[in-house]
Each structure stands twice: as structure tokens, then as C-alpha cells.
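Open the model in a viewer and keep the selection panel at hand.

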Protein chains: 2
Amino acid sequence: MLESEKKILRVDMKNLTVKWEDTPDKYKLLAGRGLTSAIIASEVPGLADAIGPKNKLVVAPGMVTGSTAPTSGRISVGGKSPLTNGIKEANAGGRTPHKLARAGVRALVVENQPSDRDAWYNILIRKGDAEIVQANEFRSMGAYDLIKKVYEKYDTKPGIIGAGVAGQNLLKGAGIFGNNVENTDPGRYAGRGGLGAVLGSKNVIAIITDDSPGEPIQPVDRDKFKDGTRRLSEALRSHPVTGDDGGLQNYGTNILMNIINEAGALPTRNWQTGQFEDAAKISGEAHHERVDQVIELTAGNTDACYAHACNPGCIIKCSNAVPFNNNTNMVSAFEYETSWALGANCGIGNIDDVAELNRMCNDYGLDTIETGNAIGVAMQAGVIAFGDAEGAKKLMREIAENTPNGRIVGNGAVTVGNVYGITRVAHVKGQSLPAYDPRPIKGIGVTYATNPMGGDHTAGYTIAAEILGIKGTVTDPRAMDKAELSRVFQETTAFLDSSGYCLFTAFSILDIDDGFDGLVQSVAGMLGTEYTLADVGPLGRTILDMEINFNRSAGLSRAHDRLPEFMDSEPLAPHNVVFGVTDEELDKVHPHIP
Amino acid sequence: MLESEKKILRVDMKNLTVKWEDTPDKYKLLAGRGLTSAIIASEVPGLADAIGPKNKLVVAPGMVTGSTAPTSGRISVGGKSPLTNGIKEANAGGRTPHKLARAGVRALVVENQPSDRDAWYNILIRKGDAEIVQANEFRSMGAYDLIKKVYEKYDTKPGIIGAGVAGQNLLKGAGIFGNNVENTDPGRYAGRGGLGAVLGSKNVIAIITDDSPGEPIQPVDRDKFKDGTRRLSEALRSHPVTGDDGGLQNYGTNILMNIINEAGALPTRNWQTGQFEDAAKISGEAHHERVDQVIELTAGNTDACYAHACNPGCIIKCSNAVPFNNNTNMVSAFEYETSWALGANCGIGNIDDVAELNRMCNDYGLDTIETGNAIGVAMQAGVIAFGDAEGAKKLMREIAENTPNGRIVGNGAVTVGNVYGITRVAHVKGQSLPAYDPRPIKGIGVTYATNPMGGDHTAGYTIAAEILGIKGTVTDPRAMDKAELSRVFQETTAFLDSSGYCLFTAFSILDIDDGFDGLVQSVAGMLGTEYTLADVGPLGRTILDMEINFNRSAGLSRAHDRLPEFMDSEPLAPHNVVFGVTDEELDKVHPHIP
């Protein structure tokens, strides 16, 4: 199947009908984030209730997803966010992306709501075919059990994405889980923005995708595509971060724990200080050691692993499966932002506790970043004490049990702050901030403030320049003029999020020009366009503009492109700096949209 | 004392200092709402945390408050609202307004926060003198007890306004209570916008004002003033709504219950229908009958009363004191919006239950409109059932006890909806709507949507034209072209809220031109200006513009000048109409501020 043969699959949850539509011309060169954002921006009213019938939940594989391109098994999940009330795209790997593309789906658009709010459904997608199936027996089931139950019923090991109990209960902290490639865990998350609640609001529990027999998507220009993917693969393999036995394969994303702690930018105990005394205990190095011990103990007879592919064909393999509680349980994956959110940010420095909290989030369908922030604010409010791991687990169980405190915390950090009258809530546009304090690292703060998704590091990961360095040069993290840096990252990211390539390809392609060039060439070969490196910025810009204009119609103005007050009034130890980037500098990022 | 001799009293709660400032030129002709809004707009950053140190709580008597003018004992309380995040003015009568003016205060500005968050204070104001006094013993005390305790300490029966336990606990549903004139109840409320939480965030419990010996403020032009007040008094006395033995004196504001129910615009069971089968049982007529019975039973030896003045010198006397639970208890006052919010909107049709819920709100420091809406949404969410009065009382007690559900409900309707995933939340800009469904009465919906205060009927009470009629003519409530009507009401109101005259003077002055002319003349005589009727609109306009511009800096755009989605998707019985006023019509109200 050619990329151009894929169709728009519309699922109407009010009338319980499905429809395959030929791709309209305006969507023909769009995929991934570019397509989810285009559909939301043109079809959802800016002021629609995010959990109401007028919102839509769109799932779109990237431009090269489903092909033989390396590290390209990514989907974008889009909708109006219940957290930010603006547009949201959340990106994930797992089994679904390649399968969804190969099933012929350019975008799945879930629309409307059933009038019977107690009737629950799964959406079953096969190649060129789709149906809505009754799924009341899946209601309130943990995601681990759900995946196993689906595998019993559909033995092709389909892709599964869905709303856990949190999403079904319309909690704004709910992400959309996806099943792993290497095990049966719900470890792939389109976590942010509360999109799990959007899916839940449509009474959909799981979207099950089977592409059997699984033919790769074919590029329009095969030679161009193959040369491009070859050069990209070489870059990925040769880079010390993304390559074989590189940083990500050894420690996963949690390689960052010690680095960011060292930089004094690890938000600790609800963003009160920038270093955590127990950071090393919950770091990637600690995971790695734990996995090594288990492999030795079990003579290799274990699922524990520190180099999983999160999507088939990934070269980087930054995922993992980490055992905890004396090897009685396992979480997959254990990411940096998660270990920070549920660890350092809550003052919890025990890897078993953090892993267990992580698994609970995965099981209940919760975004770990939002939930860790929410628990941190609850700790600030005195609901439980900082460092109280058992209290945190109890709060987590309350989320699943739907108690009042469970609902407060499950709705995310801003809701906890609102309910408990706490102003130290690290968020932008209602979505809480991830694991990098912007006070000592200005560029990431500019991204948090100005990107259209709300508090989000992946929307313009300037950490790559400000901490890790690009081509051997580190941009001073404390320099104030970061509008340009953030804009370039935001534009490039909007393109990458549409391409189907994992954002982590950036670690190598920003260093290795030939890899970046190959990546763009592979996209051009797939689509039959003349795209070159020079098109990346403008293509990304177009997507950002659509998103920002949607946000304007949703009531988000430049006044929302700001960090919370405490970032400018509370200096962060150990560097004792406030954020301090001016509004004028922030407004330079997207100067053409007032 | 001349009006021009009043000063700005600044109370710094961080340094615990007070300062009397000469009135800067720019504030010289401002009072009431015009002054509170001017101070907030020029001194509070748009993005300040509403319960943080940068917000200010401003209390300002009106232009003629403290004088001998009738029905002029009103204060404006202003701040950035924790509910709307925009500017807010809430207006109240009671003992404080005249006394505050006569103590020489043009505006009291409470600034900053104590670093010790557990240290509580009262502010004590005497003529030309003020101090901050330690008040930890008042913490968490009910407002009924608090007033009695203050009266024990200060036997001059001072004016008292303050934050109840709700405000002290930073709940967004918290109003600012004030003591009554005719009894010791905390029945005067600057209720809306969550300003009680702003005062609580500054660790201030009560503001106690003693103007002994109580000399009236003197006008600049005595003859002009006296002629104006005389003509206004005549209009008030001769009008069937505001005059002796008129509608308001007999039934209070709750004369509206049967009228609005008859109009099919009484929001019932969380805005699901427009008529309540038990409306008559909780109406002004029912109060009146109850009071009559008690007067007869006790041979007049009772505090029960249906014609109280809410401020000394008021001609209208629309307040009351209504006994409940077999005369074992009393609530003062029992207003229409309260009886609606805690009655019809919760499906509670028993006057004793509604009165008890009203008294609980008064005691805890809660806005009845916000709290009734919050309970209605909680009923919608299934926390308790519609009509469950005992459940509602339990929820109320939970607010005082600070339980999780208490905090959810105490933070108002939008928070309840957010936490429980309910979209039928009747609000604008985060503040819940009062007792007039805008679906069958379009003009009040235009006011709700476009006035700078969020969901608020008093900001432009088109009900006067659309239901009650002006000069014998009723404007068709279902006509869609209400931008002009709402604008005129909003502008006139902004002027009246600044004048110190009660808004209810409008009932007569809109019918009797000479009364309106007299009112304006009395203001001109007080200030020594040449104001005429033609200045009312432009003066109000200036205030609205200040407020809207503040809101823009706070992130409120035209997209926030809208009613919630369900108002356009759920037709309201019995007329089965949706709101339907276009965005274009709404944007005509303030067309010059994009």
C-alpha cells in the first residue's frame, strides 16, 4: 500500500457507525501531529467542552510510520485538551503505530458520544475494515489485565491503545496507554494533556488494531527513501547517545536523573529546590544495576531488560523493563520524567516505591508527569507528607477507587492547587511542568511558556542545546535570549512529530547533518515531494500556527504564554536564581500571532 | 468632613503597618466600584495569583456614602477574583459603608501577606486612625459568633466585614460578610467572586470600623445635593416596587421567585428545567406568611421581620429576618438568589431547609449563589441526590470541616464540575450564574457573557426591562438583539455601583426620570461637579473599559465572553429554547475592545 492510499477512518460514537473517507486534498501531505492538529483546528470549535460531544479524538501515524524506516513507529494522538483547553498532540510508540498505518488508516477520528453513558465500547480496526464492539466487561479493568484479556480474544497480538479507568472516569490526568512491543505491559503512553479523558468521554475503552498480514507502507520514490533511511540509520547507530550500547540503551531516558540533578535543575519536593539528595538512587544507573543483578540472579531467565525497543524497528531502544519489590513485579518502561515526577518531586528516593507508583499510573491510565506533580502539590497542601511513599500509593489507589481525594489528585496538579488553595503549582496553561526546572535553564522555560501544548518539554527540547550540547557546544543555560533557540526547536519538533520518526532521533541528527538530511530525504521519498532540510522549519511553522490559532479561538492569549508567579518570586537552590526571562522575550517566539 | 478630605488607607500585611495617603489626583473623583477597579487595574499585575501576595483587597464607600443621602450605605469590595482570574467588584450594605466613609476612608487597600501563615489579624479602623490587631482567637469561628464577640469587645456596634472560615481556608466560593444593621447577623454579603479568599489569603479575618461620633460627610454644594436627594427620595417612596409597603418591603427580593418561575426561567435541578414545582413554597410570599405567623404567635415579640433596612437611611428596606425550624432559628437576610440557589437549583422545596442552608452559608462565609450552584453540580455528579436537603447540609458542614468534598464544593461550581467531570456547569469566566436562566431571557445572558465580572446579574440587570418592564413597557425577553440593552444597563450599573446608591434605586429611577435626575444631581452636589444624566453612560463606560482592559492583561479574551456549551445545545423547558444569541451580537456590547 502506498502512503497516499491510506484513508480517514471516522468513528461516530453517537450513531455507532464507522466510515472510511478518501483523504481530502488539504490533508494529503499531512500525517502525525500535522494531521491531528489540522483536523482538530478545522473540525472542533475552539470553545467546545473538552469532554463533551463536540471534541474529537484523532489518532494519526506519522509520514513514514508503517514503512521500513528505522525508529518510525510513532502515532500522534490529538484533541482539545481537558487540562489546557487548548489543542494537544501526544506522541507514543508501541505496537499500534505501524499497524494502524498498515491497516490503511491515515487518521482515526473518534467523534461524538453515546447517549447511553453507561454503554462502553472498543473499536476494532483491521486492514480496510473497522467496527465498534460492546465492551462493558472491560469497564474499570486495569490496563495490565485489559491487554492480556484482549490478547486472549485476538491472538494476533494487535496494537492496543486506550483509556484506563482514569480516562473512563474523565480525570484530566488521564493519558492514553498503549501496549508494549516486548511484553504485555501498557507501557507506551500518549500521556499528556488529559487525552485519556477525551477518549473516555466518548465511552471508548480500547482501540485494537490488527494489520495482518502486515505489509509495509511503500514509498512513492523507493530509491530516495532507501538512501534517506540508510543515512539516518547510520547516524543513529554511530551516535554515542542513540547508538548500540549508547547512553539511552544502557540507562534509558533516566540517564538524565544525575545529569539534571548535577545541573541543579531537578525540581524537588514540589519545585522547592533544584537538587534531590536521593537522585542517584532513582537514576538510570540504579535501574541498570537492578536489571544486571536480576539477570545474574536468574541466569538470564528474566523479562528484566534495559534496552527495549518501544516500537518495532527502533534502533535507539531506550525503553526498559525494571523489576521491583524483590523481583516480584516489573514496570516497563521506567522513564526519567516518571522517576522524577513520582520520585524527586515527591521527595521519594526509593526505587521500589517509585517503580510501584509508576506501575500504578500505567495500570490506571494516568500520565506520570501530571500525577507526580499532583501528588507533589497534595504534599505541599499537607494531604500527605513529602516522602510518604505509602501515602502516595494510597492516594493512587484512591484515584482508581474514585474517592473525592482520588478525583482531586487524578485531575492533575492545577486541580489540586485550586481545591487546596496552593499557589506553588508548576504549570503552563493548566498542564503541569516536566522534570526540568526553568529557573536555571531558561530555554526550556521559554518552551514551556510559549509552545501551544502547555507545560511540555517535548515541544521544544532545548535541554539538548543547554545541557547536553549540540556538535560539542553547550548553550549557556542561564543566558536570557532563548526565544530564537526555543522557536527553532519548536518548529523542528512539529515537523518530527509529524514525520513518524521518534523525537529522540534529534539527539543524533542535530549532531550529524547527514543523518538529518537523510531523515528529510526519506520523508520526501515516502511522500513523493521535494522536501529538503530547508523545508523543516517552514513545515513545522505551519503546524504551530494552526495550533496557536486554535488556542486563540479557545481563549488562550499571550497572557497564557507565561510561567507561574512563583518562578519569578522564589529563587531556586542551589543556583538561587529565578526565571526572569521577560514577557517581551517570550513574545518573540511567535511574534506574528498577537 | 468633606468628601474630598477622605484618604486612602493602606494596610500592609507583610510588614504589619498602616499608612494614610492623601488621595492622588487620578482617584479624586472616584469612589465605590470606580475606585476599587481603578486601584486594582493600576496596582495589581494582570497575572498575579489571586490568593498570592500581589493581589490587593480594596474596600471603598461610594460617592455619597456616609452622607445623608437615602439608600446610600454601600461599599464596593474589589480585587482580582480567584474564581474568574479577572477583576471583581462586589457590592454590599450593612453597618460598615457609612462608618468607613465617616472614618475618613476613601479606600482601604489591604496589601501583601504575612510570612507567618498561621498568624491571623483584624484591622481596626477609627476616625483617622487604624491598627492591625492580633486575632488568632477568631480563626475558624462562625461569623454569627464572631460578630457577637466583636460587639463584646467594641461596644460601639462597629461595622464589621470579614472572611469567614471559608475565606480563611482560601475557598473560591467565599464571600465577604458584613454585619446587619437591625440585628447581629452576618447577613450583608459582598458575596461574589471569591473575594473572601483574597482577604483570607492576607490572613485578615475581620475589618472593624468605628466612626464615632459619626458625623455625616458634607457635600461641596449643599443645596444642589439636598435638592437631588429630595427628588430621589420622592421617586423611591412613590414607586410600587421601592416604596412604603411596596413589593420589596413585603417580600424582599424573593418577590421574584414566583415571577421568574412563571416566566419559565427559574433554573431548576442544576439548570435542567425552567420551572420548579415547589417554587411557591420557597418564595417571598412564603417568607412573608411565615413572618406574619410568628408575629401573631409571639404577639410581636420577635426579631422576625420582612422589611429591614440593610443600611442605615435606606428607604427601600428590602431585607428581612425569617425564622425557621419552628422559630428556633432565624436567617437574615433571605434573598431571592439564595432561595433559588439553595432551593430550586438543588431541587429543595422546603423553606426551613433552604433557610438553614442560607444561614450556614452566612455563618461559614460562603456566597450563596456560588455554593448553591456547587451543590447543584455535586448533585448532578451523584455525590448526593437532587432534593436531598440533609445531604446538602452535610456537604455544607464538610466545607466548614475542610474535608476533601467540602473543599471541592466550597471552591464553587466550576471546581465541582472539573473534579467530577460534569459539563453542565452554568458559569461565565469561572463564576457561576445566578437565578435567571438566559435561554428564555436573552438580555440577561448577554450581560452574563459580556460583563467584566463573570456570571453576574447585578452587572447589567436587564431583567428590569425584559420581565418587570420599564415605564410600562416590557422588552420581549426572547428578542435576540440585546447588545445595546445590556450595554446601557452595564454602563448605568458601573456608575450606580460607584455612586454609593443601592442598585435597587434603579427600579424607581428607570421609571421616574426626575428621581434619576435627582440622584445624579446629588452626586454632582457631593463632589462639586457638573455631572448630569448625560454623564452617567460615559462615566460607567470608563469604569467598564478599565475593568475589561485589566481582564485582557489577565488572559480573558472575547472567547471568555460566552455562555457554556450546554446553553446552546440543551433546550430549556417549558419554552424549549436554547440561548442562541450569536457571538457577533455578544461582541457588539464592547465593540471597541478587541
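How many of the residues of α15(A) are buried? The model is a predicted one, and in it 8 of the 8 residues of α15(A) are buried, leaving the helix mostly covered.

**Stop 1: α15(A).** Select Ala413(A), Val414(A), Thr415(A), Val416(A), Gly417(A), Asn418(A), Val419(A) and Tyr420(A), the buried residues of this helix. Then show what they pack against: in chain A, these partners are α12 (368-380), α14, β16 (427-428) and β17 (431-432). Step past the end of the helix to Gly421(A), where phi is positive, near 70 degrees.

**Stop 2: the contact between the chains.** Colour by chain and select the residues where A and B touch: 27 residues of chain A are in contact with 27 residues of chain B. On the chain A side, α14 (404-410) and α15 (413-420) are the elements that give two or more residues. Sorted by class, that side has 13 polar, 10 nonpolar and 4 charged residues. Of the interface residues of chain A, 100% are interface residues in chain B as well, so the copies meet through the same surface.

**Stop 3: chain A as a whole.** Along the principal axes, the C-alpha atoms of chain A fill a box of roughly 55 × 55 × 50 Å. A cartoon view of chain A has 23 helices and 17 strands to show. Chain A has 594 residues, and 66% of them count as buried. Among contacts in chain A with a separation of 6 or more, 72% join residues 24 or more positions apart.

**Stop 4: the domains.** Colour chain A in three parts: domain 1 (3-210), domain 2 (249-431) and domain 3 (438-511 + 532-594). Between domain 2 and domain 3 of chain A, the centres taken over C-alpha atoms are 24 Å apart. Where these two domains touch, 19 residues of domain 2 of chain A are in contact with 20 residues of domain 3 of chain A. The domain 2 side of that contact divides into 9 nonpolar, 8 polar and 2 charged residues.

**Stop 5: α21(B).** Bring back chain B and select residues 533-553. The 21 residues of this helix should span 30 Å at 1.5 Å a residue, and the end C-alpha atoms are 32 Å apart, which agrees. Among its buried residues are Val536(B), Leu539(B), Ile543(B), Met546(B) and Phe550(B). The cover over the buried residues of α21(B) includes α1 (32-43), β5 (87-92), α18 (483-499) and α20 (513-527) of chain B. After the helix comes Gly555(B), with a positive phi near 95 degrees.

**Stop 6: the core.** Which residues touch the most other members of the largest nonpolar core? They are Leu108(A) and Leu108(B), in a core of 392 residues. Centre on Leu108(B) and display Leu9(B), Val11(B), Val58(B), Val59(B), Leu100(B) and Ile207(B), which Leu108(B) touches when residues up to four places away in sequence are not counted. In soluble globular proteins, nonpolar side chains tend to be buried together.

Definitions and conventions:
Residues are numbered from 1 along each chain as its sequence is written. Chains are lettered from A and ligands numbered from 1 in the order in which they are written. This is a predicted model: local features need pLDDT of at least 70, side-chain atom pairs count only at pLDDT 80 or more; totals for chains, interfaces and linings use all residues. Two residues are in contact if their C-beta atoms, placed from the backbone, lie within 7 Å. Helices (H or I, at least four residues) and strands (E, at least two) are DSSP runs, numbered from the N terminus. A residue is buried if 20 or more other C-beta atoms lie within 10 Å of its own, exposed if 12 or fewer, and partly exposed in between; C-beta atoms are placed from the backbone. Ala, Val, Leu, Ile, Met, Phe, Trp, Tyr, Cys and Pro count as nonpolar, Asp, Glu, Lys and Arg as charged, and the others, Gly among them, as polar. A nonpolar core is a set of buried Ala, Val, Leu, Ile, Met, Phe, Trp, Tyr and Cys residues joined through C-beta atoms within 7 Å. Domain bounds come from an automatic or database domain assignment. The expected span of a helix is 1.5 Å times one less than its number of residues.
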